[in-house]
Amino acid sequence: MLTLYDLTAEYKTEPLGLDEAQPRFSWKLRSDIPNTAQNAFRLTVSGGGEVWDTGKVESGQSIIIEYAGAGLKPCTQYEWRVTVWTDQGETASAASGFETGLMCGKSFIGAANWITHGFAKDDTACPVFAKQFSVSKPVQRARLYSTALGVYEAELNGEKISDTYFAPGWTSYHKRLQYQTYAVDTLRMGENCISFTLGNGWYKGALGFMPTPNHYGDTTALLAMLVIWYGDGTRETIGTGEDWDVYKGSILFSEVYDGEIQDTRLPEQYTGRSLPFEHGYEMLTGQENEPVRCIMRLPVTKEFTAPNGDRLFDFSQNLTGWAEVRVKGNAGQKLVLRHAESLDENGNFYTGNLSFAKATDTYILNGSEQILRPHFTFHGFRYVCLEGLEEGQTIELTACHLSTDLKPAGSFSCSDKRVNRLRENILWSQRNNYLDVPTDCPQRSERLGWTGDATAFTPTAAFHQNIMPFMRKWMRDLCADQDKATGMAQVVPDILSAGAGGSGQNGAAYWGDAATVIPWTLYEVYGDKRVLEEQYESMKVWAEFVRGRCNEKGLWQSGFQYGDWLGLDSESNKLADERKGATDDYFVANICYLWTLNIMADTARILGKTEDQELYETLRAGTLDAFRDEYVTKTGRLVSETQTAMTLALHFNAVDERFKPALAERLVQNIAAHKTHLTTGFVGTPYLCLALSDNGMHDIAGKLLLQEEDPGWLYEVKMGATTVWERWNSIMPDGSFNPANMNSLDHYAYGSIAYWIYTRMCGLRLLEPGYRKFEVVPHFIKGITRAELEYESVYGTIKVAWRCEKGLITVDLSVPGNTRAVLTLPERTGQLELGSGEYHYEYATETRLEQDRYTMEIPLHTMLEHPAAIPLLKQYMPGMLDNPMIQYVMNEPISAMLAYAQEAKPLYEMILKAMNESES
């Protein structure tokens, strides 16, 4: 039976307040008949009558069908219905809906005006704007359209109107400002009161490394209108104006970094009528992103007293949000909640990595039983330190995890619990940093939309959540803050440019490449060409900025670069360079330029921009030749043979194919010389394991994944991490903290390893945009005997599961309707092309994936002490045990020794096999 499900308009289910003039519609097919594909559809849209009917269209397209009917009216409810025919003779229909927003910010004009308060500039209290009105006849529906300069919460008759937070979100407010649409379902007959409380938020609040306020303005302001449609066909609008009242409420102070102070004893204090404010309406747009919500509530798992006497509460998870307090105290009693990610090596509350952020919430109680929370701040924390609770009093804390409420898109599990925990940590860091914009960290005085982090992580993020609404909004923010003179802002929204009180730095490689890489990633994952159309001029600005800075050789070799940020192989002792790896800055910059040129050529081809396609193809060919002349010798050696340089050269095809095998071998030797550890930073890490797997060294990639010692992903897991760290050694083995002033325990960039897990180990890779066609090529690694991946593509659910245990390989695959898959079974030749359906394969194998006790990672002394190894060593390496120099390498792993003596590898493999077999 054929069913249609997950009907969306602009990637959202029944969106409210849609401002797209030509929204796109998508649906998914599910059928119990194998090889089902759509061959025709009919789509109708109606709202007060039919406004569009496609008729029966012979097409297999089931995603992003663009509306092409009569102009959509503002504030109107529409229903859309789709009927689908398949090549298996089945037919099905389904319906959904959407409601348009104002369609134009100027719709506020004449109905509502910008208003503000008359508080003194040094008054930190949050203003409350209120309006009384009456309802005297039955209401059909009511909608609130509102926005602010600052952040706001709206209430009707004392009850919060929505379950969302931090509206209207963070944008470049003078260029782009979102307004929100809310369904108001609790109007009552007679008197009503609508009110708004405003906080400084990102508009007026103190932001940046050395927090300074007023990046966008020094006064918060409100714009709102409540529109009521009555049952008799009439309509009433209640808009902000000078007849609104202004109060001071209980929130005396609120800042994003520092926290909130509330005196709950205080009644609202009337301060007078609102004042007019000038801002304009042309920059207004309907809500694009999904809103921020409390998506999870976590209880306290442990309450204890620290060695220094602090009263601490542990939620067992590092998260972004706040702690909700349930308490009955005394009137005037003050409770102080401080937030931290970790304890120090002595078990005490640690705030040394918060920089200037106070991360403190203070409540003055009123004597009744109360449930308290902040309104306009958030913290990155696992632990809360509580001060002010008196003897005999009880308190209940609940952690509220705040994040942009994106639909989940995938799940993963495998036989190794450590890897499962790593994957959970990566997902937590994504949610923790996806609070309206993709930030670097949620805890210290920074929390900025760093473009380099997003470049590294976006492909991984798309496996976890439906990021299209989130990233599309952020891409528009990127365009708004882009400047041809500087190429690309390093953070978006941009508070670091000269115009916002910052340095006005030029764009840097990899960070600036977010302008091209992210739109291209979104196109590939979602099959949405419109994102390329919308972003094309922005992409071109970045490409031309770099082109304009190339020298006579055609290479970018000037200006500031981040290089391989936080790489571990730095050769400099200078503090300014401590954060950079050893890879040549301009080697990295020109690899990134080649990447961007390749994306530009492909994008121009897809958009039919032939001249641009030819231009960028020519530029790429010339730049590649220049790169090889400058950075690659005639025998294929690189001038900078760091792990990152070799990784980038392999992954981005910067060296001739004939040189790749030797280069991959040198990369492996480098890893071995570092005792099977990576040394890569932000730029090298996302591609290291990909480069290894794609160049015949998949086993080494697997060893890096499972490395438990510093540096390595599982080192963090072993140390008890519940999120991904900014530095490989943010916490030392003894529990002490890395002394660097940049030391977040919640940074997602290194979580990009999950992309390798999904695409190489599990083997799921797209062949056509949107996964209309995809391949599955599982790759086993020693130490993991089974893996399962589920991914919700725009066409439906893809499931991949493999197992290699007890002499048997099993592979299971689910292919969604209207797609095709190409499967390559492990240890089998040939490919299977499959239509939709469920597939199961099972066959015998001699492969054993359980981790051996003795591997190349054991120290040499372990081998020399083993009874099965000693006779073999004496037979094949006579005199080795008597050599006095051997004492200097007794504690070295065998793999590190082999980095300098590859010819001995077969012998050591034979000895290890004997050692393992002797104990089996």
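Across the chain, pLDDT averages 95, and 98% of the residues score at least 70. An exception is the segment 499–503, over which pLDDT stays under 50. The model has nine contacts beyond four places in sequence for residues 499–503. Where pLDDT is low, the predicted coordinates should not be read in detail.

Six strands form an open sheet with antiparallel pairing, in the order S13-S12-S16-S10-S19-S22. Its edges are strand S13 (159–160) and strand S22 (269–273), each of which pairs on one side only. Within this order, strand S10 (residues 127–135) and strand S19 (residues 245–248) are joined in the antiparallel sense over four bridges. One of the residues involved is Pro127, whose bridge partner in S19 is Lys248.

Helix H4 covers residues 468–481, 14 residues in total. The distance from its first C-alpha to its last is 20 Å, close to the 20 Å expected at 1.5 Å a residue. Helix H4 is mostly covered, with 13 of its 14 residues buried.

Asp416 is located in the loop that lies between strand S35 (410–414) and helix H2 (417–433). Its relative accessibility is 8%, so Asp416 counts as buried, the cut-off being under 20%. The side chain of Asp416 makes a polar contact of 2.7 Å with the side chain of Arg418. When neighbours within four places in sequence are left aside, the residues in contact with Asp416 are Leu706, Gly783 and Ile784.

Note on methods: Residues numbered from 1 in each chain as written. Predicted model: local features only at pLDDT ≥ 70, side-chain atom pairs only at ≥ 80, totals over all residues. Heavy atoms only, no water. Helix = DSSP H or I, 4+ residues; strand = E, 2+ residues; numbered from the N terminus. Buried < 20%, exposed > 50% of the residue type's maximum accessible area, 1.4 Å probe, protein only. Polar contact = N/O pair within 3.5 Å; in protein donor to acceptor, adjacent residues only side chain to side chain. Contact = heavy atoms within 4.5 Å. Expected span 1.5 Å × (residues − 1). pLDDT = per-residue confidence, 0-100. Pairing = 2+ DSSP bridges.
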